[in-house]
Amino acid sequence: MNNTMTQRVSAHKDRLAVAGFAVEIAGMNKWYGDFHVLRDINLTVRLGERIVICGPSGSGKSTMIRCINRLEEHQSGTIVVDGIELTSDLKKIEEVRREVGMVFQHFNLFPHLTILQNCMLAPVWVRKVPEKQARDLAMHFLEKVRIPDQAHKYPGQLSGGQQQRVAIARALCMKPRVMLFDEPTSALDPEMIKEVLDTMIALAEEGMTMLCVTHEMGFAQAVADRVIFMDQGQIVEENGPKAFFSAPQSERTRAFLGQILGH
Amino acid sequence: MNMHNISWVRQDIVAPSPRPPGQGGVMDWVRKNLFNGWVSSLLTVASVMAIAWGVMAIAPWLGNSVWHAGSLSECRQILDGAPGACWGVIRDRWTQLLFGFYPTALYWRPMLAFVLLFAALAPILFRGLPQRALWFSAVYPGLAFWLIWGGSLWLPVSIYLGFAVATGLFSIAVRSGVGLAATAAIVGAALWWLYATPALVEIATDTAPILLVPVTSRELGGFLLSIVIGVSGIALSLPLGILLALGRRSGLPLIRMLSVTFIEFIRGVPLITLLFTASLLLNYFLPPGTSFDLILRVVIMVTLFASAYMAEVIRGGLAALPRGQYEAAGALGLDYWKAQRLVILPQALKISIPGIVNSFIGLFKDTTLVMFIGLLDPIALAAAIRANTNWQGIYWELFIFIGAVFFVFCFGMSRYSQYLEQRLRTDHRWEECA
């Protein structure tokens, strides 16, 4: 049992070693007005890598991953996603967004469309997938997140956990190369957090490249290849999950972990 | 037994039981809603008395209605001093109130156009009709124009071809940018209408004369005029209002500035000044020699006026959407126009339905203002009828009739908007899915 686990982990490590880069952020800075929100961010993510980003609120972690699909604009430095550099070129931005799926804290499903229509919208209109094929694709991913029976309901009729799983399925329907999760469980009742995390763990095990902003440290320990701690707009510490939790190097990381794991 | 034991566990589950029967019935409802305390009782009695007084004042007047009379004096003779409504004037002049001075022999044409209007609206307003029916909706404006004004069928056909030219140019030029393509389309269509249309209509009419007896705009009047202006204004102001609302929220400073200027200017000016501009000033700005139909000018002005209000109503709907909807649409790779069309506008318009219909109703009733620039809307015709010696001194009956017809249209729009809101509700549809 333990043996197969180690085997799987080492197989995963081998894959990472040969894979290319999914995201490369170099010397990136961002300001809101005069406020310097992101300071000298350097981060490279390999294809297939799973990264968990944590830190106190206001530390810039959400802003950073929102820069990766340009929901936020950066003012200096470079961001290259899947080989495409993000500039103000709209074509490039749309190209990146096609390859990068995002899951939001508040789900952001389209309330006027059914679950199925939510999932079919982008494949049909962005990828030009024929309608029938898009429907099959949507049903495939809805089965994967275990809610195919809700396909013809509207988002308002689903629980928070179900909505978030639909949001994951909706993003997956675009067959993205990278998935961004912006605090996907923070708006959920404790009972529903597990169902969403299980879906994310299943996704991680399939080799999806993931960047997750989350406070779910159990999730970080289970799937992360690297944990990144941010504070005051900077990356303060970066380490494998084992070392990160057992032997945090920085004083601020220790204080943060003490706060969230303390009780 | 330990008295201080706070631990307790339910042993059996309580099964659901039917709800106790409703208390009361009619008497209970009356007591609760009409005579609940002395203030409530007093208000109930006062309201009943007010209603009774109103009915008693109007009932004899309506009850003694005279339908067969050729003049007001004949009415008075029949009534012999008793109070009574003289509906003879409506019986005598109703065609004039509906059609103005439209040639009597040709009444079938606007009537047919009116009936077809419902066929054209049905696929837009109600679902469950085949998509192909929308083709008729697209063809209808040209057809209605031809039926009402007559002349050569080739004129509306050629105008439609202008749209085809615009679409063609747009799809050719769209590769080099949406802005450029839009400009090419607009310029192309304008050139087509200015230069190709007159020649084309002449040639086509010579070879295949499909003609109806022409009717001039001066002959149009009454509710025909109100409906022509109202329906065109409504149909045109919604898309223009949407564009202006999007323009006002656009990230492009020039577009935003133009939209804001337009909206604030048009909203800051009374409609009647715009109508006077349409009737008097517009000719100065147009190239010499072009004679621009007065009704067309009025439709343009009414559309511009209504679209400014529409833009603000729709902007309210756009502002009500959470930012997450824009972000989710963007994150999925939808470009600006697709995101607007598929995600943002369906929701924003749904929120704005009450405001939009409010503007529509306002616009429709504002069409009566055209009497001030000499067009014969129902109110102007009422004045003309009263100027006739036969009907001098009559006014209640005419205005009640005109008001009732307007009410039917406006109330219809209001009911439709409630139906639409109900249909588009997606938040609590458990019943439908269960």
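Predicted model: local features only at pLDDT ≥ 70, side-chain atom pairs only at ≥ 80, totals over all residues.
Ile25(A) sits opposite Leu43(A), a residue of β2(A). Residues are numbered from 1 along each chain as its sequence is written, chains are lettered from A and ligands numbered from 1 in the order in which they are written, and side-chain values use heavy atoms, with hydrogens and water left out.Strand β1 (residues 21-32) of chain A and β2(A) pair in the antiparallel sense over 8 bridges; strands are DSSP runs of E, at least two residues long, helices are runs of H or I, at least four, and both are numbered from the N terminus. Pairing takes at least two DSSP bridges between two strands. The open antiparallel sheet has 4 strands, in the order β2-β1-β4-β5 (chain A). At its edges are β2 (35-46) and β5 (84-85) of chain A, each pairing on one side only.

Over in chain B, helix α3 (residues 72-79) has Leu72(B), Cys75(B) and Leu79(B) as its buried residues. Buried means under 20% relative accessible area, exposed over 50%, and partly exposed in between (1.4 Å probe, protein chains only). Looking down the axis of α3(B), these buried residues fall within an arc of 55 degrees, so they line one face of the helix; the arc is that of the directions from the helix axis to the C-beta atoms. Ser73(B) and Gln77(B), on the other side of α3(B), are exposed. Just after α3(B) comes Asp80(B), with a positive phi of about 55 degrees.
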